[in-house]
Structures are given as structure tokens and as C-alpha cells.
Amino acid sequence: MEGDRSPQCGLTTPRSTSVSSDPGVCLRDPSSISSSSGRSGNQLWQRVVVVGGGIGGSLIAKSLQFNADVILIDQKEYFEIPWATMRSMVDPAVADKAIINHTDYLINGKVITASAVDITDTDVITSDGRQVAYDYLVVATGHVASSPKCRKDRLEKFKEANIKMRTSSSVLVIGGGPTGVELASDIASVYPDKKVTLVHNGPRLLGFIGHKAGNKALDWLRSKNVDVLLEQSVDLDSVSEVDGIYITSAGEAIAADCHYVCVKRPLGTSWMRESIVKDSMDKYGQLMVDEHLRVKGRNNIFAIGDIIDVPERKQGVLAQRHAMVVAKNLKLLLKGGNKEIKLSKYRPTVSITMVSLGKKDAVAQLPFTTMTGFLPGLIKSRELFLRKTRKLLGLDHHSVFL
């Protein structure tokens with residue numbers, strides 16, 4: 001089992017500080033956290049600031065930590081593999097591999113545990129008043145989420161959720177996207193005696209992919225006795241577990257001992273609406289980027305993940321591809337000189353989409369067909385790509401058994 005190396009919340013201290021000569025990241029004196037302030041030997045290091053420590057931001061920071069003075073700004077001290085979140089609620093042992101302290105992979109950089117609240121031409125302003133100068137900036141803030149700052153507190157939350165789930169005889173899942181489908185299927189698979197109800201306001205499940213995939217997921221859930229109610233919603237403002245009765249928009253009463261809200265979360269871009277990149281945001285709140293994934297109109301600001309306007313499905317695997325392209329481009333730019341002609345281009349792709357259905361099955365949306373059952377389940381559901389993701393971050397390569 002992986003040890004908890006970060007028992008205290010706040011500013012985390014990396015195991016190596018050889019990249020930067022700054023004595024920690026602190027409230028900024030205009031001369032104390034300036035651009036190009038780090039040194040390694042006789043080399044002058046430029047600073048790359050990454051805002052957001054999710055699936056893409058963590059990979060960027062890890063990839064550049066020996067090429068620049070890297071500072072990662074994240075509101076929590078850890079990285080959480082997002083597609084393992086639902087399984088972690090049903091099986092807390094999974095969370096131990098899916099929740100990784102930033103300092104476990106960022107051994108040659110700094111972590112500031114705070115939220116970014118503004119961007120200027122030279123600095124990122126954080127919620128605790130820091131001004132962090134940058135030469136290059138990568139924005140990877142994904143979707144808004146409320147999570148504990150410390151890894152140990154996040155693990156405890158999963159344990160509490162599991163106890164609540166185990167002691168409940170009936171469960172309500174609100175939302176029929178991939179998150180809701182995966183949670184409902186995991187509960188039905190692990191706790192077949194529980195009454196599970198899934199309420200979705202759309203006409204079909206998994207509306208972001210093809211009809212066949214949604215229909216296959218619906219058939220699977222119903223085969224496991226999950227009660228699926230489509231084209232209905234539950235008023236989230238009136239949700240309460242006190243009386244255990246939830247009324248849908250169609251007037252249907254659902255009895256449940258606990259509920260889980262799995263609806264789409266807002267993009268994590270609202271904090272930039274009055275910043276220097278406000279004119280580079282579209283009507284959906286996405287950052288518009290060029291073919292190199294630079295924010296339009298900005299030569300030294302990149303953006304990756306769900307917050308960009310690239311026309312493709314919003315998936316973690318694609319955020320990782322964004323990260324690799326940006327890391328390659330930044331390595332070229334950090335070498336100096338005119339490297340514009342050599343910058344890599346990101347080309348949107350039609351990716352395979354997989355949604356787990358319990359621990360053994362999955363539904364897969366391929367470019368020309370849809371598959372369900374044991375084969376796609378073998379690819380995703382059993383191991384959830386935990387080993388592959390940990391390997392990308394340079395962590396242990398031993399097997400993960402779920």
C-alpha cells in the first residue's frame with residue numbers, strides 16, 4: 001500500500017529543490033519571484049507555471065520538471081485519476097492507487113496548494129494572495145470540483161462514502177452520463193441485493209456517444225435490476241436524505257437511503273473571464289486555441305483538456321495527448337531561438353470511448369461499431385488503466401489488482 005507522504009494541508013515541499021533558487025513560493029516581493037529566477041549549475045532556467053493538477057496538468061509538470069523551473073498551482077495536494085473515482089466509492093482500496101500526491105511525481109518542482117484567481121501578462125494570482133511569475137503558462141483547470149486538500153482526507157471521504165453505501169438498502173443515482181452509468185453499474189455489480197435507481201433527464205443514456213452504446217448500457221443496467229427513469233429529473237435544491245423520498249419532475253416518488261449526484265460540472269474557466277485571456281474565450285467558456293494549443297493571441301500561454309475549444313470528445317486520454325504535444329512544444333521554446341516552424345500541431349482525433357459496466361463488462365464506442373461485454377471490459381473495467389497512468393507519471397510499475 002502506498003504511504004501517505006503529505007499529512008498536512010497547505011504548501012507542499014518537493015523532495016528536490018535543485019531547479020529553483022527561490023526559498024519556497026511565498027507572498028511576492030516584486031523582485032523575489034521574477035521570471036527566469038531559477039538556476040541549475042550555470043544554466044538560467046525559465047519558469048513554466050501549470051494551473052491545474054488534473055490528468056493533463058500533472059503530466060505537463062512531470063514532463064518539464066528537468067527542463068524548466070516548474071511550479072504547479074492546484075487547489076489540492078494530489079492528483080486523482082478521474083476515471084477511477086466511481087470505482088473508488090464502491091471499493092475504497094482502488095483509491096489508494098488512484099490518488100497520488102503531486103510531490104510523488106513532481107520531484108524537481110514546486111506545488112502551490114491554492115486556486116488561481118487571475119492572470120496578468122507576467123503573473124498568476126492565487127487565492128491566497130501570491131503573485132507567481134511565469135515565462136510560459138499552461139492552463140489545465142478542467143471542471144469545477146470540490147475536494148479536500150489532503151490525500152488522507154480524500155481517502156477518508158471514499159471510506160465514509162463506502163460505509164454509507166454498504167449500510168443503505170436503496171441507492172439513487174442522479175445523472176445518466178458516463179459517471180452515473182459507471183457508478184450505478186458498479187453498485188449493482190458489487191451489491192446485487194441493493195435497490196438501485198438511476199434518474200436521467202435525457203431521452204437516452206450516454207448521450208455524448210452513439211445510440212447503440214446508450215441502448216446497450218440501458219439493457220445491461222436493467223438486466224442487473226437497476227430501475228432507469230429517462231426524461232426525468234430530481235430538483236437538486238430540494239434533495240434531502242432525511243425522509244428518504246425523492247420526487248422526480250414527472251411526480252414519481254423514489255425511496256432511497258442515499259443519493260449520488262453525477263451530473264455535468266461547469267468548466268473551470270470562470271476565474272479567467274476578467275483576465276488577459278477573456279477575449280480568447282468562446283460563448284461556452286472554453287479557451288480558443290491554435291493548432292499548437294496556444295491560447296489565441298498569446299504566444300506564451302497554452303491550454304489543454306476539457307477547457308479548450310478543440311472539436312472532439314472531452315476525455316482524459318485526449319487531455320493526456322494535449323499534454324504531450326504542449327510538453328514537446330515547450331521543450332523547443334525553452335531551448336531558445338526561433339522554433340516556431342518546428343512546433344508540433346495537435347490534430348483532433350476520433351477516439352475510442354469506453355464506459356465501465358461493473359468490474360467485468362464495458363461498452364465501447366468504436367469509430368465504426370459498438371461493442372459491449374467481456375472484451376471491452378477486459379480492456380478497461382478490470383484495471384481502469386491505473387497501471388498505465390501511474391507509469392506515465394514515473395511511478396511504480398508493479399501490478400494493480402482490483
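Leu293 lies in the loop between β17 and β18, where strands are DSSP runs of E with at least two residues, numbered from the N terminus. The model is predicted: local features need pLDDT of at least 70 and side-chain atom pairs count only at pLDDT 80 or more, while totals for chains, interfaces and linings use all residues. Residues are numbered from 1 along each chain as its sequence is written, and side-chain values use heavy atoms, with hydrogens and water left out.

- Leu293 is buried, because its relative accessible area is 1% (buried means under 20% relative accessible area, exposed over 50%, and partly exposed in between, with a 1.4 Å probe and protein chains only).
- Although Leu293 is not a glycine, its phi is positive, at about 70°.
- His292 is also placed in this loop, which runs between β17 (258–261) and β18 (301–303).
- With a relative accessibility of 8%, His292 counts as buried.
- Apart from neighbours within four places in sequence, His292 is in contact with Phe302, Val326, Asn329, Leu343, Ser344 and Lys345 (contact means heavy atoms within 4.5 Å).

**The loop between β14 and β15**

- Glu231 is found in the loop between β14 and β15 (245–247).
- The phi of Glu231 is near 55°, a positive value in a residue other than glycine.
- Glu231 has a relative accessibility of 58%, so Glu231 counts as exposed.

**The parallel sheet**

- Strands of a sheet pair through backbone hydrogen bonds, in either a parallel or an antiparallel manner.
- Four strands form an open sheet in the order β14-β13-β12-β17, with parallel pairing (two strands pair if DSSP finds at least two bridges between them).
- β14 (227–229) and β17 stand at the edges with a single partner strand each, so one side of each has no neighbour in the sheet.
- From one strand to the next, the twist averages 15° (axes are lines fitted to C-alpha atoms, and angles run from 0 to 180 degrees between N-to-C directions).
- Strand β12 (residues 170–174) runs parallel to strand β13 (residues 195–199), and five bridges join them.
- Within this pair, Ser170 stands opposite Lys195 in β13.

**The antiparallel hairpin**

- β20 and β21 form a hairpin, with four residues between them.
- Strand β20 (residues 361–365) and strand β21 (residues 370–373) run antiparallel and are joined by four bridges.
- Gln365 stands opposite Thr370 in β21.
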